[in-house]
Amino acid sequence: MDLWFVFNDDKVLTYKENEEVHIPTYDKIDFLDIKEEYYIGSLKGTECYACEISEDKIYNKPYFEFIDIRSLGIILGERFFLLLGRGKQIINWDKNNRFCGKCGSEIHKLDNERAKKCDACGTTYYPQLSPAIIVSVIKGEEILLAHNLNFKEGLFSVIAGFVEAGETFEESVKREVMEEVGIKVNNIKYFGNQPWPFPNSVMIGFTAEYESGEIKVDGTEIGEAKWFKKDKLPDIPNNLSIARKLIDEFLRS
Ligand SMILES: [Zn+2]
């Protein structure tokens with residue numbers, strides 16, 4: 001039976017059975033007024049769909065609860081987190097891109113690919129992604145972790161930032177680390193990547209080594225940055241994120 005990811009803003013409808021949280025199958029939610037559905041892929045042979053409803057309360061239905069995407073990702077694991085992110089981004093893309101940026105006419109979805117087209121001027125539009133690099137900087141036995149001013153108090157993570165137009169990922173790594181903490185890095189190596197749906201990013205992970213410089217935070221994005229030894233780490237991100245995987249890799253090394 002197909003799984004249905006029913007969104008209301010950043011929350012998703014879950015169904016509780018035997019004390020376990022599930023994404024509902026269609027028979028559980030067929031009472032909902034669903035105006036538009038989006039195919040988002042398959043999970044172990046089960047087809048998955050996303051949709052959005054305007055009401056976050058399911059009246060008189062005791063087994064249902066809306067849970068935010070990040071919390072639900074932690075409960076259900078990474079494969080579900082990816083589908084949650086994909087569903088959310090596709091719904092947002094459809095909602096927020098109704099008209100042609102070139103001529104202002106209404107655009108419509110294509111059947112054969114995830115895109116929209118303007119019939120008036122022929123322009124095709126694809127869902128927008130914003131690539132960002134994320135990098136662990138290592139100096140001997142220590143890792144560079146920074147407290148972003150948007151983080152909750154005491155939380156530190158690796159350096160990250162958006163790739164600029166015309167920039168390679170490696171150039172982006174060097175620029176971001178220099179801009180945010182004033183450090184020069186070398187020996188940049190690809191680590192892995194992760195779609196990050198807040199709101200439409202994909203994180204490309206790297207490891208790098210310290211070359212030179214003293215830590216000097218930018219003060220606008222980063223409030224504090226330090227070198228940390230393995231046994232003296234501060235609060236770090238949860239294990240859904242590639243940031244955590246980079247830090248775990250440092251701990252294993
Ligand atoms: Zn147009």
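Are Asp33 and Lys35 buried or exposed? In this predicted model, Asp33 is exposed and Lys35 is exposed as well, where buried denotes a relative accessible area under 20%, exposed one over 50%, and partly exposed the range in between (1.4 Å probe, protein chains only). The side chains of these two residues, Asp33 and Lys35, form a salt bridge with an N to O distance of 3.0 Å, a salt bridge being a side-chain nitrogen of Lys or Arg within 4 Å of a carboxyl oxygen of Asp or Glu. Over the whole structure, the search returns 15 salt bridges.

Because the model is predicted, local features need pLDDT of at least 70 and side-chain atom pairs count only at pLDDT 80 or more, whereas totals for chains, interfaces and linings use all residues. Residues are numbered from 1 along each chain as its sequence is written, and side-chain values use heavy atoms, with hydrogens and water left out.

The protein is divided into domain 1 (3-95), domain 2 (98-127) and domain 3 (130-252), with bounds that come from an automatic or database domain assignment. Taken over C-alpha atoms, the centres of domain 2 and domain 3 are separated by 36 Å.

Strand β4 (residues 37-43) runs antiparallel to strand β5 (residues 46-52), and six bridges join the two; strands are DSSP runs (E, at least two residues), as are helices (H or I, at least four), numbered from the N terminus, and two strands pair if DSSP finds at least two bridges between them. Leu43 stands opposite Thr46 of β5, and in the hairpin of β4 and β5, which has two residues between the strands, Lys44 takes a positive phi near 50 degrees.

A further salt bridge is formed by Lys229 and Glu142, whose closest N and O atoms are 3.3 Å apart. Lys229 lies in strand β15 (residues 222-229) and Glu142 in strand β11 (residues 142-148), so the pair ties together parts that are 87 residues apart in sequence.

Since Arg175 belongs to helix α4 (residues 169-181) and Glu164 to the loop between β12 (159-162) and α4, the pair ties together parts that are 11 residues apart in sequence. Arg175 counts as buried at 16% relative accessibility, while Glu164 is partly exposed at 42%. Both residues belong to a network of salt bridges that links Glu164, Glu167, Arg175, Glu176 and Glu179.
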